[in-house]
Amino acid sequence: SIDPSPPFLIRVGMINSLEPHFRWLSMPGFIRAVALIHLFVFALLVLKPELYDFLAFDWTRINEGEIWRIVSFYALPPVFPSGGLYPYLGMGLAVYIAFLIGDQIEHAWGSFRTSVFSYGTILFQISTLLVICLLIAPIDAAWGSRMFYQVIFFAFATIFPRYQFRFMFAIQVPAWVLALGSALFGLTAVLTNPLYLLYALGTLF
């Protein structure tokens, strides 16, 4: 068994007092459901690659009335199908890890707190994206769902920092090390455009 350490995320602590009044917001297995939606859309993209253009966040088209793009981009998977086997393996691994960490977070926090935390993550990301596009400049959101998985993994690594993953199926690496590596890699990506850094910070906080 895994002994969870106290979460550092303030949003989770604030949720405690809300549960008696908003228990109906609880959706057991919400993270699993998100992963399955992404797997389904991944399969659709294999058959109809042009679906990406219909779902993607495009600020110009949103201003022209295609308002579904404000949320539809979140249905795009964290891995896109392309030539070779690696995208399929990557998508399968993403779903497996999402199931694993989603179940562990829900076991530690309960379905209500896990659900509301997940809703908040999605809402904060979309809201931050809209604020940036409205007040500063349009940005691309092709990596929308990847940010969701990254935030969920950060939460998992905070609760279970000593959980061991097998890197390359051989080397055991603690969750906190993978989370730190993911954060550093993400930082190098967002520093190429200050707006992406603002976008990431808005999602995380």
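1. Buried side of H6. In this predicted model, helix H6 buries Pro87, Met91, Ala94, Val95, Ala98, Phe99, Leu100, Ile101, Gly102, Ile105, Glu106 and Trp109. Note that Glu106 is on that list, and it turns up again in point 4.

2. Length check on H6. Just past the end of H6, Gly110 has a positive phi of about 90°.

3. H2 against H6. Helix H2 (residues 30-47) packs on H6 with the axes 8 Å apart and an angle of about 170°. Since angles over 145 degrees count that way, the pair is roughly antiparallel. The crossing of H2 past H6 is left-handed.

4. Who touches whom. H2 brings Phe30, Ile31, Arg32, Ala35, Leu36, His38, Leu39, Phe42 and Val46 to this contact. From H6 come Pro87, Tyr88, Met91, Val95, Ala98, Phe99, Gly102, Asp103 and Glu106. Sorted by class, the contact has 13 nonpolar, two polar and three charged residues. Several of the H6 contributors are also buried, including Met91, Val95, Phe99 and Glu106.

5. Ala137, away from that pair. Where does Ala137 sit? Look in the loop that links helix H7 (111-135) to helix H8 (144-159). Its relative accessibility is 24%, so Ala137 counts as partly exposed; the cut-off for buried is under 20%. The C-alpha atom of Ala137 is 9.6 Å from that of Trp59, and the two residues are 78 apart along the chain.

Terms used: Residues numbered from 1 in each chain as written. Predicted model: local features only at pLDDT ≥ 70, side-chain atom pairs only at ≥ 80, totals over all residues. Heavy atoms only, no water. Buried < 20%, exposed > 50% of the residue type's maximum accessible area, 1.4 Å probe, protein only. Helix = DSSP H or I, 4+ residues; strand = E, 2+ residues; numbered from the N terminus. Axes fitted to C-alpha atoms, helices over the stretch in contact; angles between N-to-C directions. Parallel < 35°, antiparallel > 145°, perpendicular 65-115°, else oblique. Left-handed = near helix turned anticlockwise from the far one by under 90°. Contact = heavy atoms within 4.5 Å. Nonpolar A, V, L, I, M, F, W, Y, C, P; charged D, E, K, R; others polar.
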